[in-house]
Amino acid sequence: MLVDGDDFNEPISDAIRGTLDGHIVLSREIASLGQYPAVDVLASVSRAMPHVTSAEHQRSAQVLRAVSATYRDAQDLINIGAYVPGSNPRIDFAIALIHDVRAYLSQGLREKSSLDEAVERLAEISGRAGCPF
C-alpha cells in the first residue's frame, strides 16, 4: 500500500496497517541521508518476526532499534554540541554505533548478502561490549 505524502494517519491506511502482519515504512528523510533502501526501522513492524527468527536474532534487532531510537531522540543535543559524553551510557553507545547501524541498513543497488550474512553482521553490531540495552 502506498500512502501519498507520508500521511500514515489517514483513515484507510491506518485501518489497513492494523490488519497486516507487518509493514515496511520508507522515509524521505532517511533517503535524504543517502541511505537506501530508505527503510524506517522504527516505524516498520513485523508481527511474524518472532515466529520466523531465533531469539538471538530478535535480541540483535531490538538492540539495533534501541540504538536508532536513542540516537534519534538525542540527535538535536548531539548536533548542537550540548550533549556531554559520559552523561548517559545509552546515548554514548548509540553515538559509537550509529555509523555501523546506518551502514548495515544501507545496501548498494548491486550489493548482495545472504540472510545468514545479514544476521551475523547484525549480531556483530549489537553484541558490542558495554551494550546498555
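Residues are numbered from 1 along each chain as its sequence is written, and side-chain values use heavy atoms, with hydrogens and water left out. Because the model is predicted, local features need pLDDT of at least 70 and side-chain atom pairs count only at pLDDT 80 or more, while totals for chains, interfaces and linings use all residues.

Helices (H or I, at least four residues) and strands (E, at least two) are DSSP runs, numbered from the N terminus. Two packed helices are described by the angle between their axes and the distance between the axes. Here the axes are lines fitted to C-alpha atoms, for helices over the stretch in contact, and angles run from 0 to 180 degrees between N-to-C directions.

Helix α4 (residues 55-80) packs on helix α5 (residues 89-105) at about 115 degrees, the axes being 8 Å apart. That angle makes α4 roughly perpendicular to α5; angles of 65 to 115 degrees count as such, those under 35 as roughly parallel, those over 145 as roughly antiparallel and the rest as oblique. The crossing of α4 and α5 is left-handed, meaning that the near helix is turned anticlockwise from the far one by less than a right angle (clockwise would be right-handed). Contact means heavy atoms within 4.5 Å. On the α4 side the contact residues include Val63, Leu64, Val67 and Tyr71, and on the α5 side they include Phe93, Leu97, Val101 and Tyr104. By class, this contact has 15 nonpolar, three polar and two charged residues. Ala, Val, Leu, Ile, Met, Phe, Trp, Tyr, Cys and Pro count as nonpolar, Asp, Glu, Lys and Arg as charged, and the others, Gly among them, as polar.

Helix α4 also meets α6, their axes coming within 9 Å and crossing at roughly 55 degrees. This makes α4 oblique to α6. The crossing of α4 and α6 is left-handed. Its contact is made by Glu56, His57, Ser60, Ala61, Val63 and Leu64 of α4 with Val119, Leu122, Ala123 and Ser126 of α6.

The axes of α5 and α6 come within 10 Å and cross at roughly 170 degrees, which makes α5 roughly antiparallel to α6. Leu97, Asp100, Val101 and Tyr104 of α5 touch Ala118, Arg121, Leu122 and Ile125 of α6. This contact has six nonpolar, no polar and two charged residues.

A pocket, on a 1 Å grid over the protein atoms alone, is an open set of points where a 1.4 Å probe fits, with protein on both sides within 12 Å along at least five of seven lines; lining residues have an atom within 4 Å of a point. Grid points are joined across faces, edges and corners, and a volume is the space filled by probe spheres set on the points. The largest pocket holds about 1100 Å³. Of its 32 lining residues, Val41, His57, Tyr104, Leu105 and Leu122 lie nearest the centre. Helix α6 gives the largest share of this lining, six residues. The lining divides into 17 nonpolar, 11 polar and four charged residues.

The second largest pocket has about 460 Å³ of space and 22 lining residues, with Glu29, Ile30, Asp40, Leu42 and Arg72 nearest its centre. Elements giving two or more residues to this lining are α2 (28-32), α4 and α5. Its residues divide into 13 nonpolar, four polar and five charged.

The last feature concerns the backbone. Most peptide bonds are trans. The bond from Tyr36 to Pro37 is cis, with omega near -5 degrees. Pro37 is found in the loop between α2 and β2.
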